[in-house]
Amino acid sequence: MFKKPLSNLKTSSALRSSDRRKLKQRVASVFNLSAEDGDLLVPNGIESVKFSTYLEEPGVAYLSKEGDPLWFTIGKGSDDLIPTIYTLWKKDDLLPFVSTPAAVIPILTGGADLMIPGVVHHTPSLAEGTLVCIREYTRKDDKAYLSVPLAVGQTALPSDQLTSGGKEKGKAVLMTHVWKDHLWDMGSKPDVPEDKAVQIGGQKAESSQDEPSSENQGAATPPPPSEMDEQEPQASSSEAVVSYTPQEISELLQKSLFQAIIGPLASAPASTYPIPATQFYSNFIMPSRPAFPTLVLRPSSSPSEDDEVHIDPQTISIKTSTHKSLTAFLKASEKLGLVTVKQPQKHSQQTDSLVMSVSAKHPQVLGHVSFPTVRDIEAKAAKKAAREEKERLAAEGSSQEMEVRELWKPHLVTVDLFKGLGGTPSALYTPTEIRSLVFDYVTAQDLINNRDKSYINLDPLFNACLAAKSGGKSKGKGQGIESELPEFIKRDDLVKRVMAKMQNWYEIRAPGRDPVSKKGQLKPIQVVMKIRQGKKASTMITGFEPFFVDGEEMAEDLRKSCAGATGVSPAAGKPAGSGMEVLVQGKQAPTVIEYLTGKGIPKRWIEVSDLAGKK
């Protein structure tokens, strides 16, 4: 939704007290919030701004007085409030969630929807079209962790089709807003808060992997620890008795070590060693645990050989084994000749043991039968999601639009301004980034006018920039200075005047090509229809070179599609080498537009002029 910059961004205006109260009541009613939470998520000084997405959908965003977008609506007259990432970081349990592996998050931030294979857990009983947030699921030190929400979207199908036995392909969540998109870029862009350790499994959230589930599941958003025991449903008697003994856990950990030695450690270079013991355990042994433990070792507590038994591989850990500590496990493995361990020296700052080497030629390692691991299952889910997204993009083919960005670079008098604003004078900026830099500085320096908050008081830094004429080359006293500079100025007027003194650049990104950035103002392709040689109408196309269109190729393609004569020549009335002109017989503007948009050129970068009149 916001993978491209917002257009038609209007001037933001503060909500009246009555409008803020109405907005707060809507938020509290829709999301079942207390009055305190309502004040937190709809703060004093909240502003509204109208915009259009790159799909020309109108919307309204509600911003904090610091400029962070908090809520937005999409669609003309829509009242459906959607929280932004900034809001969800203030209250992360505002929406039900769907979790996904860390490898899938970059795919989502690139503009893709969440595919079914990328779902790890989700809040139970989600209906199609439910607004959900996306959270990253990881495991560290034998604990499950969920990140803060990193995306917002709507479920594409009911949650019962995400679990085992449901659909295996297709979209799970249609993304609306993601971390690092252009809506996110409007705000202060703080660092991502730390992940939280949670209990999330068969009894706390439904899983799309082969994990145990329960029909009577509680809310997936983790409750406080004091409530967890009360909310957990009673397990059936068969599930309660089937578990591994500490001796069996130790045996499975040893098999996981064998698997790590013949797997990731076999291809590791010599420079990998020595490996700190905790890293060796978390990066190699834990991911090498069997994904389906009961197929590797049948638990002795299983009532019958014929019964199908499932045990969560996450229950296999040092703490549940006979070793109880990583040091004891490594000592036992070293005694068997599987690893070589170096203990930390006395009075040394190094407190962790070091694994110096592993024995790939040990008889037990050579006789080990490989099995699917936890790492394999997680990697398979991430690869499948990436593959389906790649297939989706390939299906779109040439219809995928180019991304055209107008950029501005600090130049002459604005170089010192951007140094003062904390920016990089040599960088290229979008209007949103310039606006953010200016307003961050205004907020930090307390330059908002006390009488009218839509105005900014000008300090010496802004005065020095705005007072200088655009030429900026006059060095004499009293020369190159604009007269009658006001003491204060409207916010948007300030940004416009700063941009007017900067240097124009543009960037074009096309599928399958490297991005191209050039100095100068990008002009639209001109498609002009006029009368030539008496009463013959013709269509002339110029200015197409920056958009990766070859004149000869276009002339040949249009000759076939228009069934008429075409020609290519240097553009008339322009210096040599400044571009070519393609001439097509007849009034062919619709065909030309269809051809150019088929090349991925956005319509707003094509201008049509009819100078021929009615034929």
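Residues are numbered from 1 along each chain as its sequence is written, and side-chain values use heavy atoms, with hydrogens and water left out. Local features need pLDDT of at least 70 and side-chain atom pairs count only at pLDDT 80 or more, while totals for chains, interfaces and linings use all residues.

Biologist: What is the mean pLDDT of the chain?

Modeller: pLDDT is the predictor's confidence in each residue, from 0 to 100. In this chain 87% of residues reach 70 or more. The mean is 83.

Biologist: How many contacts does the model have for residues 209-240, beyond near neighbours in sequence?

Modeller: Over this stretch the pLDDT is below 50. Where pLDDT is low, the predicted coordinates should not be read in detail. Counting contacts as heavy atoms within 4.5 Å, the number for residues 209-240 beyond near neighbours in sequence is 44.

Biologist: Which parts of the chain does the pair of F2 and F72 tie together?

Modeller: Rings of Phe, Tyr and Trp (its six-membered ring) pair if their centres lie within 6.5 Å; planes under 30 degrees apart count as stacked, over 60 as edge-to-face and the rest as tilted. F2 and F72 are edge-to-face, at 5.3 Å centre to centre and 85° between the planes. Helices (H or I, at least four residues) and strands (E, at least two) are DSSP runs, numbered from the N terminus. The two residues are 70 apart in sequence, so their pair ties the segment before β1 (13-14) to strand β4 (residues 69-74).

Biologist: Is F72 buried or exposed?

Modeller: Buried means under 20% relative accessible area and exposed over 50%, with partly exposed in between (1.4 Å probe, protein chains only). The relative accessibility of F72 is 0%, so F72 counts as buried.

Biologist: How is helix α8 oriented to α9?

Modeller: L253, S256, L257 and A260 in α8 (residues 246-262) meet F280, F284 and I285 in α9. Axes are lines fitted to C-alpha atoms, for helices over the stretch in contact, and angles run from 0 to 180 degrees between N-to-C directions. The angle is about 80°, with the axes 10 Å apart. Angles under 35 degrees count as roughly parallel, over 145 as roughly antiparallel, 65 to 115 as roughly perpendicular and the rest as oblique, so α8 is roughly perpendicular to α9.
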